[in-house]
Amino acid sequence: MDTESLYNLLQLPKQAEPLAEQELPQGEKKKFLPPTSRKDPKFEELQKVLLEWINTELLPEHIVVRSLEEDMFDGLVLHHLFQKLAGIKLDVEEIALTALSQRRKLQVVLEATNRSLQAEEQAAKWSVDAIFNKDLLATLHLLVALAKRFQPNLPLPPNVQVEVITMESTKSGLKSEKSLEQLTECSTAKDQAAKDVFDELFKLAPEKVSAVEEAIVTFVNQKVERLGLSVQSLDTQFADGVILLLLIGQLEGFFLHLKEFYLTPNSPAEMLHNVTLALELLKDQGLLSYPVSPEDIVNKDSKSTLRVLYSLFCKHR
């Protein structure tokens with residue numbers, strides 16, 4: 001059984017239940033997200049960006065995260081994500097089957113993560129208890145901190161804040177208090193300047209997209225003609241990753257052995273393998289500053305394909 005199958009088997013989501021007074025010991029506090037906060041568009045967008053980022057990073061390891069609230073508690077995803085981002089091998093069991101071993105693994109992972117993040121004040125926003133108990137706010141604070149440290153160009157929505165309800169158990173019963181929880185910082189002029197050029201292009205000047213595509217097609221054909229190749233359609237001809245890999249090899253001086261990729265991919269899985277390898281090569285060379293999902297390339301998403309080719313165009317035109 002592969003890692004993905006084991007991971008899916010271990011995920012046993014529980015339906016959230018209303019808080020009962022006896023569940024909160026006297027003197028303790030607990031934060032809750034009301035339904036209105038969960039449905040906030042910017043809050044949903046933050047989760048979407050983080051989810052796509054994690055799945056892109058962990059795709060080579062066949063780990064798929066479907067819910068940040070349900071899938072992060074046992075330390076498995078955080079273990080693999082931290083090792084991939086930090087390049088640090090953690091001495092911890094690969095698969096934790098019991099609640100005790102899962103919690104122990106999570107503690108080791110968070111201790112290493114906090115050291116890497118040099119998190120002291122930030123660490124107060126998450127804890128082993130909070131993550132293990134599927135506290136979505138704590139999980140988001142942790143993931144945002146990881147993204148800012150290891151993927152600073154990740155386009156997190158700015159100024160995400162949600163209303164939370166803090167419940168406190170007192171001698172006279174439960175008391176509640178509303179407050180705002182800040183998850184991401186306000187945008188700055190620098191952030192605005194760094195906004196992805198293709199988001200602006202497709203949104204504000206869609207009539208110019210074809211001109212950009214034509215310029216990139218011309219650039220690509222100049223580079224691959226010596227290989228006996230010709231490109232007419234960016235969307236369809238790059239979806240299987242073959243020409244993209246050959247183009248990267250030609251421009252960056254890589255020699256790709258035929259055993260490393262599928263020269264004539266016959267399935268979506270083989271196409272995905274090729275595209276994932278291509279994106280990894282671009283990231284290793286520091287050329288891919290904006291996160292791109294390999295699935296989007298395979299699914300012939302014009303904007304994603306243009307982003308990837310534009311990164312090569314800027315360096316080698």
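The turns below take up the sheet, the helix packing and an aromatic pair.

Me: What kind of model is this, and which cut-offs and numbering apply to it?
Reply: Residues are numbered from 1 along each chain as its sequence is written, and side-chain values use heavy atoms, with hydrogens and water left out. The model is predicted, so that local features need pLDDT of at least 70 and side-chain atom pairs count only at pLDDT 80 or more, while totals for chains, interfaces and linings use all residues.

Me: In what order do the 3 strands of the open sheet stand?
Reply: Strands are DSSP runs (E, at least two residues), as helices are runs of H or I with at least four residues, both numbered from the N terminus, and two strands pair if DSSP finds at least two bridges between them. β1 (29-32) and β3 (173-182) stand at the edges with a single partner strand each, so one side of each is left without a neighbour in the sheet. The pairing is antiparallel, and the order is β1-β2-β3.

Me: How many bridges join strand β2 to β3?
Reply: A hairpin joins β2 to β3 through 2 residues. Among the facing residues, V162 has E181 in β3 as its bridge partner, E163 has L180 in β3, and E168 stands opposite K175 in β3. Strand β2 (residues 161-170) and β3 run antiparallel, and the number of bridges joining them is 10.

Me: Which residue in β2 stands opposite K29?
Reply: β1 and β2 run antiparallel and are joined by 4 bridges. The residue of β2 that stands opposite K29 is E168.

Me: At what angle do helix α3 and helix α7 pack?
Reply: Axes are lines fitted to C-alpha atoms, for helices over the stretch in contact, and angles run from 0 to 180 degrees between N-to-C directions. Helix α3 (residues 41-58) and helix α7 (residues 136-150) have their axes 11 Å apart, and the packing angle is about 55 degrees.

Me: How do the residues of the contact of α3 with α7 divide by class?
Reply: The contact (heavy atoms within 4.5 Å) is made by F43, L46, Q47, L50, W53 and I54 of α3 and by L136, L140, L143, V144, L146 and A147 of α7. Ala, Val, Leu, Ile, Met, Phe, Trp, Tyr, Cys and Pro count as nonpolar, Asp, Glu, Lys and Arg as charged, and the others, Gly among them, as polar. On that basis the residues divide into 11 nonpolar, 1 polar and no charged.

Me: Are α3 and α4 roughly parallel or roughly perpendicular to each other?
Reply: The axes of α3 and helix α4 (residues 76-86) are 10 Å apart, at an angle of about 70 degrees. The contact is made by W53, I54, E57 and L58 of α3 and V77, H80, L81, K84 and L85 of α4, with 6 nonpolar, 1 polar and 2 charged residues. By their angle, α3 and α4 are therefore roughly perpendicular.

Me: Are α12 and α13 roughly parallel or roughly perpendicular to each other?
Reply: The axes of helix α12 (residues 242-252) and helix α13 (residues 268-284) come within 8 Å and cross at roughly 25 degrees. V242, L244, L245 and I248 in α12 meet N274, L277, A278, L281 and L282 in α13, a contact of 8 nonpolar, 1 polar and no charged residues. α12 and α13 are therefore roughly parallel.

Me: How are the rings of F219 and F313 arranged as a pair?
Reply: Rings of Phe, Tyr and Trp (its six-membered ring) pair if their centres lie within 6.5 Å, with planes under 30 degrees apart counted as stacked, over 60 as edge-to-face and the rest as tilted, and the count comes to 3 aromatic pairs. The rings of F219 and F313 have their centres 5.2 Å apart and their planes at 90 degrees, so the pair is edge-to-face.

Terms used: Angles under 35 degrees count as roughly parallel, over 145 as roughly antiparallel, 65 to 115 as roughly perpendicular and the rest as oblique.
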